[in-house]
Amino acid sequence: MKKATLATMLMVCCCISAFASSDKKDKAPKQVQYNEKGEIIKTGLNFGPCPAVAFDADKGFQLGALLNIYDFGNGSTYPTPRQQWYFEASFFTKGSQLYIFNYDNRFSIPGVKVNAAMVISNDKAMDFYGYNGYRSFYDYEKMEAGLKGDSYLYSPYYKVDRFSALLKCDFSGNIWNNKLFWLAGYNLRFFNQKPINRTKINKGKKEEEMFPDEEPTLYEQYMDWGIIHPDEVGKSVSSAIRLGFELDTRDKEGAPTKGIWATALTTLAPEFLGSTFPYYKYTATFRHYVPIVKNDILTFAYRLHYDGTFGKQAPHYILPFSNCMGIRYDKDGMGSYDTVRGILRDRVVGLDMASYNVELRWRFVNFKLWKQNIALGLSAFSDGAMVTREFDTSFMKTVADFENEAQYLTAKNSYDCYMSKGHAKEVPHISVGVGFRFIMNENFILCAEYGLPVGNLHKQDGAGAFYINTGYLF
């Protein structure tokens, strides 16, 4: 925790310094103007670079950097930027990489907001905990034994090798009073998902810590049991159009303190558009920001979210993604920072999933530093999610799929044993936590948060997690 706190402080200092340096490069001093809240009205380009440092036992050390660029023009739109860019590049010592480029523009095409993104993720140790939440068993005792050195590291059992490349472009336009908008976009994603590479996963580990070659991963067992069709393993393409509506009455986008932000959209990925396996999904999200103490001091915020699937099937590699449009891009859910903080990433996956987030946000200080508007905030939250419609995890193989009956019986017995350990039914996965935020110019936001699973089955959701990230969750 001390190392994470130190990393957060270094990131904050780096960002303030970068913003201040960009101001000093102006050829002539500009007269500082203030809005009705006493904030400095930012103009021109503002830069926010930060290092990205983390550690994962399977991925290794993360070393990278991110950069936010905001264009406020003459300041007439502050705190909303005219356009903004986001760049991130991260590398992990065991071979994983992450590259993100995001661009948002709302003034080049009159009345139309444009967002484009390109994301490349090469994850050698992507989380895979099966489907249907608590119906899929998580062996926390073996995980703990491996971390204590009493056994080999068991975490690769819940990993998969996944390469993903996303290219998307979204548009939105005004329908009514700049509060109700239409949404339309195109989303192209390439997948190459397969079992882990044991050589890379075991790289740098002591012999007694290495994941054994004879131990199958959960993903390999799902393949062996026929739950995951062999045609869906390896390279696949998702080519989808998205259509929807958005209601947005927020007072500001980066750190809203009042208003409603609601979206409803459908994702259509038919075969004739180029999708390897067609699927059709829908998403609905309602967010509400209620000011308790005015001047942005204390805000109550909550989000209700639902991801659903039309029909009874969808390719397994699509199921973890929570669909969205605009400046954000699809990320894995439910679990981890972007959905349910403190819960294992991708712990709650099914055909349909529901989630909630409730948060109390307190800005305890506002000040000016090096011509920047700075605020510090604390938050307390509770998150939750559950599978509301299950993915079919029946044993799909027959004796004819194996070389002999003995192999069939071995696979069937392992399936029965695994399924018997899962909970009888799915119930909500709930976490609670606290967070700290550093807010600069209402848009550049650094956060440090800790979430902890609660409830009778909390050990099935992991031991909690600490996050260093950017922005608000919603």
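User: In which loop does Asn178 lie?

Analyst: This is a predicted model, where local features need pLDDT of at least 70, side-chain atom pairs count only at pLDDT 80 or more, and totals for chains, interfaces and linings use all residues. Residues are numbered from 1 along each chain as its sequence is written, and side-chain values use heavy atoms, with hydrogens and water left out. Helices (H or I, at least four residues) and strands (E, at least two) are DSSP runs numbered from the N terminus. With that in hand, Asn178 is in the loop between strand 6 (159–176) and strand 7.

User: What is the phi of Asn178?

Analyst: Most residues other than glycine have a negative phi. Asn178 is exposed, because its relative accessible area is 54% (buried means under 20%, exposed over 50%, partly exposed in between, with a 1.4 Å probe and protein chains only). Although Asn178 is not a glycine, its phi is positive, at about 55 degrees.

User: Which loop holds Asn295, and is this residue buried or exposed?

Analyst: Asn295 also has a positive phi, about 65 degrees, without being a glycine. Its place is the loop between strand 10 (279–293) and strand 11 (298–309). With a relative accessibility of 58%, Asn295 counts as exposed.

User: What is the relative accessible area of Asn441?

Analyst: Asn441 is placed in the loop between strand 16 and strand 17. That hairpin has three residues between its strands, and Asn441 takes a positive phi near 55 degrees there. Asn441 is buried, because its relative accessible area is 2%.

User: How many bridges join strand 17 to strand 18?

Analyst: Strand 17 (residues 444–454) is mostly covered, with eight of its eleven residues buried. Strands pair if DSSP finds at least two bridges between them, and strand 17 runs antiparallel to strand 16 (residues 429–440), joined by eleven bridges; Phe438 stands opposite Leu446 in strand 17. Toward strand 18 (residues 465–470), Cys447 stands opposite Asn469. The pairing of strand 17 with strand 18 is antiparallel too, and its bridges number six.

User: Which residue in strand 4 is the bridge partner of Phe87?

Analyst: Strand 3 (residues 83–92) and strand 4 (residues 97–109) are antiparallel and share nine bridges. They form a hairpin with four residues between them, and Gly95 in the turn has a positive phi of about 115 degrees. Across that pairing, the partner of Phe87 is Phe101.

User: Which residues does the cis peptide bond join?

Analyst: Most peptide bonds are trans. The cis bond here has an omega of about 10 degrees, and its proline is in the loop between strand 2 (60–71) and strand 3. The two residues are Tyr78 and Pro79.

User: How far apart in sequence are the parts tied together by Asp161 and Lys124?

Analyst: Asp161 and Lys124 form a salt bridge, their closest N and O atoms being 3.8 Å apart (a side-chain nitrogen of Lys or Arg within 4 Å of a carboxyl oxygen of Asp or Glu). Asp161 lies in strand 6 and Lys124 in strand 5 (residues 112–127), so the pair ties together parts separated along the chain by 37 residues.

User: Which residue meets Asp330 in a salt bridge?

Analyst: The salt bridge of Asp330 spans 2.4 Å, N to O. It links distant parts of the chain, 88 residues apart, with Asp330 in the loop between strand 12 (321–322) and strand 13 (331–332) and its partner in strand 8. Both residues are buried. The partner is Arg242.

User: Which elements give two or more residues to the nonpolar patch?

Analyst: Met118, Leu167, Tyr186, Leu188, Ile241, Leu243, Phe272 and Leu273 make a nonpolar surface patch of about 730 Å². The elements that give two or more are strand 7 (180–194) and strand 8 (234–248).

User: How many helices and strands are there, and what is the radius of gyration?

Analyst: The secondary structure comes to five helices and 18 strands. The globule rule (2.2 Å times the number of residues to the power 0.38, with the radius taken over C-alpha atoms) gives 23 Å for 474 residues, so the protein is as compact as a globular protein of that length, with a radius of gyration of 23 Å.

Conventions: Patches are made of residues with over 30% relative accessible area and no salt bridge: like charges are joined within 9 Å, nonpolar side chains (Val, Leu, Ile, Met, Phe, Trp, Tyr) within 5 Å. Accessible areas come from the Shrake-Rupley method with a 1.4 Å probe; for residues, only the protein chains shown count as cover.
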